[in-house]
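Hi everyone, thanks for coming. Let me put the model up and walk you through a couple of its features.

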Amino acid sequence: MKTFLLVASLLFASPLAAETINVADHGIVPGKDVTYEVNRLVESVRGRDEITLVFPRGQYDFHPENAIEAYRAVANHDNGLKRIAFPLFDCQNLTIDGSGSTFMFHGRLIPFTIERCQNTKIMNLTIDWVRSFHAELTVVESDPSGKTFVVETDIEKYPYTIKGGEVLFQRYGQDDPIGSNMVFDPETRSPIYDTKRYSINGAQARVTALSENRFRFDKGVKNSPPVGSVLVVYGVHPTSRLCHPIQITNSKDLSIENVTIHDAGGMGLIVERTENITLDQLVVTSSDERIVATRADATHFIGCKGKIQIENCLFEHMLDDGVNVHGAYVKVERYLGDREFLCEISHFQQWGLTFAEPGDRVALLSRETILPFVEATVQSVKVLNSHRFVMKLDAVPEELPEGLLSVENLTWYPDLVMRNNIIRENRARGVLVTTKGKVLI
């Protein structure tokens, strides 16, 4: 009888390993840079199960000087060395609960990198940066000729220098030229009608300082934007997408709940090669002090599977799409024989992408028609560098068709469910979906 009761208690009791940690007990408190302490705490719980890290409500500041650094290949972003506030690698059943806190970032720093994790949740917090990755310039004078205009800006929020007729915006040790730009309506917080009429050619524009916070644009101007509108300028490739708030890759069963993103030097959320992710009350929106939120998409999913579930979310004021779900084609450079193909990732912002692994089902296609002619299973993948890899298949036709070939991963296509979401007041599209899975919007 005693043995039965003991077994029953073990079966029905809560997991003994479950633990809630108040981060204040580890020196993580508002009012100071907590990056080093957070890095240490995350490292200390790695490998443990059922851990919840609770941040008592407040503003927590993160700086890059004491953050761990790693080279990161991030799909649809600019690869490079990244300093990370929350390096969540190989975690199981981990929850980060912000209790309504603001996580304020200073400098070129990645808030969350999540890799090889399962049952991980981020909840109840707001992500923002002290200084944005774009600049907002209010038009105060507009010449009737349509070829010159004057702007005013807050030099504390958007510091800049003017030299030799060129304006450079100072962003965390990086001097950005005008680059991409767009005119917004401050009343609607969305791009003004036919905004392309007012685009500026940064290479041709000549800038003249008028006062401490005013300068004039001459040349390179299609048409002068209306007085009161806001010119948003946001840099050039290959440094225009360096700091994304959340990257998730090679993971399973993730959820993001009640999280707000006010700014990003890239997309708000980028998810790669992940199975099952739920977004509930994810909000991407600008803060009261800015018109624009993220520099690119609110959310972006590439090469995922299982289910992507997006519910009760708001995506607005970003400089690209609301939701983008897709896979990837890669080029076949040549057939090496013995069922091996030399393949190349051609898009410069997908270099380093994990395209396939052993066991994945792929299709070989004509690059001209994008029509498949054979399906096979991957036996091995040998990565040569960020651009190229050698992939061996279990079966190949005796004769391959003439012409250029590409390959598509059939295993990694997700289902998509979207309910009760709002996408508005942004540049580009609302929802882009390219998946062989089931889609319900």
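Predicted model: local features only at pLDDT ≥ 70, side-chain atom pairs only at ≥ 80, totals over all residues.

**A sheet and a surface patch**

Residues are numbered from 1 along each chain as its sequence is written, and side-chain values use heavy atoms, with hydrogens and water left out.

Strand here means a DSSP run of E, at least two residues, numbered from the N terminus, and two strands pair if DSSP finds at least two bridges between them. Strand S10 (residues 148–152) is joined to S17 by five bridges, and the two run antiparallel.

Thr-208 has Arg-216 as its bridge partner in S17, while Arg-206 is partnered by Asp-218. A hairpin of four residues connects S16 to S17.

Zooming out, the open sheet has seven strands, ordered S15-S14-S18-S9-S10-S17-S16, with antiparallel pairing. Strand S15 (190–191) and strand S16 (206–209) are its edges, each pairing on one side only.

Now, over to Val-439, which sits in strand S36 (residues 439–440). Val-439 is partly exposed, with a relative accessible area of 41%; partly exposed means between buried, under 20%, and exposed, over 50%, using a 1.4 Å probe and protein chains only. Together with Val-431, Val-433 and Ile-441, Val-439 makes a nonpolar surface patch of about 310 Å². Patch residues have over 30% relative accessible area and no salt bridge, with nonpolar side chains joined within 5 Å and like charges within 9 Å; a salt bridge is a side-chain nitrogen of Lys or Arg within 4 Å of a carboxyl oxygen of Asp or Glu. The areas come from the Shrake-Rupley method with a 1.4 Å probe, and for residues only the protein chains shown count as cover.
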